[in-house]
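Subject: Structure for your review

Dear colleague,

Please find below the structure that I am handing over to you. My findings follow directly after it.

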Amino acid sequence: MAKVTYSDLDIIGKRFGKLTVIKRSNKRAPRGKRSVPLWECVCDCGNITYKSTDVLTNPNLSMCSDCAKKYATEKMRQKAGFFNGTQISKIQTQITESDNFSGVRGVYFDKKSSKWRARIKVKGKTINIGSYANINDAIKARKLAEEKYFENILDEYYANKDNSLSANKFVISAK
Ligand SMILES: [Zn+2]
């Protein structure tokens, strides 16, 4: 059993980003000509990983390698204007643009069923909202779905303080 030092007590059981420190391990990592001890940590995803104190305390690194890959991908997607799989910059266009003969995006006439159908694209998936005999019912359903899906995503997006796009202002049409 290794001797417990002050720094052990200071760090064991503490949480850093996604990681919680379990114990000091026998592993070490090189730092120039010296080496530093690695802490055995459990990630929020359940993975066990070994990190040095300087890595632990860096919020961009305090996660296991699996989570780091996801984090890097998410950062790239955010730079491209994506959040939670939805391209934020397209939300306004999706809400306000009219590109079919119903005059409302996501509402179209289905010749087969002779009904108005409403659909919405969220996180890359098209969700069928329903089909309606009356165009106004279809438009109403689409508007409700916009509120339900897009506004939730935008709220979540703006609530995320660690967001590289937070300086960008996207205005949602009140329509
Ligand atoms: Zn993880």
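How many helices and strands are there in the protein? The protein has 5 helices and 9 strands. Please bear in mind that this is a predicted model. Read from the N terminus, the elements follow the order α-β-β-β-β-α-α-β-β-α-β-β-β-α. Of the 175 residues, 17% are buried. Where contacts link residues at least 6 apart in sequence, 37% of them join residues at least 24 apart.

Arginine 24 has tryptophan 39 of β3 opposite to it.

The nonpolar cores

The largest nonpolar core consists of 10 residues: Phe16, Leu19, Val21, Trp39, Cys41, Cys43, Val55, Leu56, Met63 and Cys64. At least two residues of this core come from each of β2, β3 and α2 (53-56), and β3 contributes the most, with 3 residues. Trp39, a member of this core, is the tryptophan that stands opposite arginine 24. Phenylalanine 16, also in the core, touches Leu56, Thr57 and Ser62 when residues up to four places away in sequence are not counted. Another core lies apart from this one and has 6 residues, among them Val104, Val107, Trp116 and Ala118.

Helix α3

Helix α3 covers residues 65-79, 15 residues in total. From its first C-alpha to its last, the helix reaches 21 Å, close to the 21 Å expected at 1.5 Å a residue. After α3 comes glycine 81, with a positive phi near 90 degrees.

The three-stranded sheet

A further open sheet has 3 strands in the order β7-β8-β9, and the pairing is antiparallel. Here β7 (107-110) and β9 (125-132) stand at the edges with a single partner strand each, so one side of each is without a neighbour in the sheet. On average, and with direction ignored, neighbouring strands of this sheet are turned by 30 degrees against each other. The antiparallel pairing of β8 with β9 extends over 7 bridges, and lysine 121 stands opposite threonine 126 in β9.

Two residues in this region may be of interest to you. Serine 114 lies in the loop between β7 and β8. Although serine 114 is not a glycine, its phi is positive, at about 55 degrees. Is serine 114 buried or exposed? With 9 other C-beta atoms within 10 Å, serine 114 is exposed.

Valine 122 lies in β8 (residues 115-122). Which residues is valine 122 in contact with, leaving aside neighbours within four places in sequence? They are Thr86, Ile127 and Tyr149. The C-alpha atoms of valine 122 and isoleucine 153 are separated by 9.3 Å, with the two residues 31 apart along the chain.

Yours sincerely

Conventions. Residues are numbered from 1 along each chain as its sequence is written. This is a predicted model: local features need pLDDT of at least 70, side-chain atom pairs count only at pLDDT 80 or more; totals for chains, interfaces and linings use all residues. Helices (H or I, at least four residues) and strands (E, at least two) are DSSP runs, numbered from the N terminus. The expected span of a helix is 1.5 Å times one less than its number of residues. Two strands pair if DSSP finds at least two bridges between them. Two residues are in contact if their C-beta atoms, placed from the backbone, lie within 7 Å. A residue is buried if 20 or more other C-beta atoms lie within 10 Å of its own, exposed if 12 or fewer, and partly exposed in between; C-beta atoms are placed from the backbone. Axes are lines fitted to C-alpha atoms, for helices over the stretch in contact, and angles run from 0 to 180 degrees between N-to-C directions. A nonpolar core is a set of buried Ala, Val, Leu, Ile, Met, Phe, Trp, Tyr and Cys residues joined through C-beta atoms within 7 Å.
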